[in-house]
Amino acid sequence: MSIRTRIAPSPTGDPHVGTAYVALFNLAFARSQGGKFLLRIEDTDRQRSTQASEDKILQALKWLGLHWDEGPDIGGKFGPYRQSERSDIYRKYACRLVEEGNAFRCFCSAERIEEVRKSQMKNRQPVGYDGHCRNLKSCEIERRISAKDPFVIRMKVPRHGQCVFDDILRGTISIDWSQIDSQVLLKSDAMPTYHLANVVDDHLMGITHVIRGEEWINSTPKHILLYEYLGWDQPEFCHLPLLRNTDKTKLSKRKNPTSILYYERMGFLPESLLNYLGRMGWSMPDEREKFSLKEMFEAFDISRISLGGPVFDIEKLSWLNGVWIREEFSDEQLANRLSKWAFNEAKLLEFLPHARDRIEILSDLAPLGFYLISGMLQIDRSDLMTSDLDEEQIIQVLQYLIWRLEGLKDWNREEILSACNFVSIMMDLKLKIFLGPVFMALSGSVVSISVMDSMCLLGREMSLARLRHALELMGGVGKKKQKKLEKTFNDAVSSALI
């Protein structure tokens with residue numbers, strides 16, 4: 001049997017280090033077994049998926065050195081490799097499941113589903129679909145289809161017994177069917193959900209081993225059931241431990257920068273980042289800390305993966321990055337990396353149009369733009385305080401702007417200016433006053449180019465990381481305060497949409 005693994009990211013945001021982590025272990029297993037590794041784009045979420053996000057994912061994985069054998073950019077005999085281009089395939093199998101009695105059309109409105117959910121929560125019952133449309137008579141189904149009533153297709157799930165399956169790392173796992181919801185397979189817009197598309201694509205693309213994060217364990221019974229319904233052999237499953245923050249919570253951008261592009265922008269080496277991710281729950285036979293991707297492939301044994309929650313610690317990553325710099329790079333090689341990273345003509349040409357009117361001698365350029373090639377700035381709480389805003393207002397400025405910027409599909413001057421205007425109007429502040437702490441958080445200085453241009457040049461990942469850092473310097477936002485701010489922010493967004 002030829003081993004085939006895959007990574008299937010969703011292009012709905014910045015490329016996540018968790019994606020790189022899972023991709024690395026899929027690639028390592030495939031290469032260690034002489035198999036193939038493919039990349040598939042799961043872009044069935046029409047509202048949130050963007051081409052820009054897909055481009056960033058491919059850019060980030062290639063920067064790391066994680067190269068695939070088949071994918072949307074290079075093709076392959078099992079394409080297309082974007083799910084949005086495979087919708088006819090999913091509809092065919094969804095209809096087959098209905099025809100064979102293993103799925104059904106559900107005409108329940110979103111409002112009814114929400115009311116059922118609220119009632120279940122109030123009565124402390126398991127939250128899930130209540131089977132309202134599971135046994136509709138054929139005449140009623142035909143009437144509603146003729147009336148063009150919207151519907152989704154849901155899978156039928158056993159109501160009793162257990163689903164028992166094997167996991168490469170965890171052995172035998174048993175999950176009661178009563179815990180498994182009657183999953184939507186095909187949405188009302190005829191696009192598949194993750195669960196249907198995942199199973200259909202893995203089968204048709206010949207995936208032999210599904211290596212993914214442990215958050216998918218509870219979804220595995222749904223996938224196994226679909227394999228059974230469709231008469232297909234299921235792949236082997238392996239659920240990796242989740243990456244954790246240093247406080248052992250699930251890795252999140254609130255506590256750790258999670259975008260791969262942030263680490264590239266900070267000046268981490270791709271070799272050291274891969275090395276560090278490889279150490280997340282796995283070790284070389286000789287337990288050494290530093291190893292190359294090639295060495296990992298040669299020594300890889302999937303059984304050596306530990307189930308303990310691996311902690312993603314930036315300080316440890318920085319130490320390892322320093323080891324790589326000192327041990328693997330001559331002065332000439334390091335100069336070359338530095339040039340490619342920041343000190344290159346392309347980056348200078350991006351900055352000069354904003355700076356040329358502000359300089360009189362060449363040495364004026366360095367202090368004006370140092371922050372554009374820096375990592376996290378050396379500022380403190382007092383730097384963010386202005387005479388125009390009090391502490392609470394500064395916290396609100398930073399938190400509201402972070403939320404607004406996180407929602408931008410396109411990262412350009414117009415969109416960023418629109419986000420700043422939105423929050424300043426929402427807070428009833430003049431834009432110049434509103435931008436005071438923002439300017440300091442981004443540049444660490446009172447003299448620089450404009451905030452909007454700075455954010456464009458810094459990029460989404462670094463801009464948001466610096467704003468989050470500034471928010472933490474101001475004391476952060478606790479859960480109680482966050483809920484209050486979220487309500488105010490969401491009300492403002494809703495009012496703007498009306």
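User: Which residues does Arg288 touch, not counting residues up to four places away in sequence?

Analyst: This is a predicted model, in which local features need pLDDT of at least 70 and side-chain atom pairs count only at pLDDT 80 or more, while totals for chains, interfaces and linings use all residues. Residues are numbered from 1 along each chain as its sequence is written, and side-chain values use heavy atoms, with hydrogens and water left out. Contact means heavy atoms within 4.5 Å. With neighbours up to four places away set aside, Arg288 touches Arg279 and Glu295. Arg288 is found in the loop between helix H9 (270-278) and helix H10 (293-299), where helices (H or I, at least four residues) and strands (E, at least two) are DSSP runs numbered from the N terminus.

User: Which contacts does Glu406 make, leaving aside its neighbours within four places in sequence?

Analyst: Glu406, found in helix H16 (residues 391-406), is in contact with Lys253, Arg254, Arg460, Leu464 and Arg468 once those neighbours are left aside. The C-alpha atoms of Glu406 and Asp14 are separated by 9.9 Å, although the two residues are 392 apart along the chain.

User: How should I read the accessibility of Glu406 and Arg288?

Analyst: Buried means under 20% relative accessible area, exposed over 50%, and partly exposed in between (1.4 Å probe, protein chains only). Glu406 has 22% relative accessibility and therefore counts as partly exposed, and Arg288, at 30%, counts as partly exposed.

User: What span should helix H3 have, and how far apart are its end C-alpha atoms?

Analyst: The expected span of a helix is 1.5 Å times one less than its number of residues. The 13 residues of H3 (residues 87-99) should therefore span 18 Å, which agrees with end C-alpha atoms that are 18 Å apart.

User: Which residues of H3 are buried, and which are exposed?

Analyst: Ser87, Tyr90, Tyr93, Ala94, Leu97 and Val98 are the buried residues of H3. Because they cover an arc of only 145° around the axis, they lie on the same side of H3, the arc being that of the directions from the helix axis to the C-beta atoms. On the other side of H3, Asp88, Lys92 and Glu99 are exposed.

User: What do the buried residues of H3 pack against?

Analyst: The buried residues of H3 pack against strand E3 (103-106), strand E4 (152-155), strand E7 (184-186), helix H6 (194-204) and helix H7 (220-230). H3 is followed by Gly101, whose phi is positive, near 80°.
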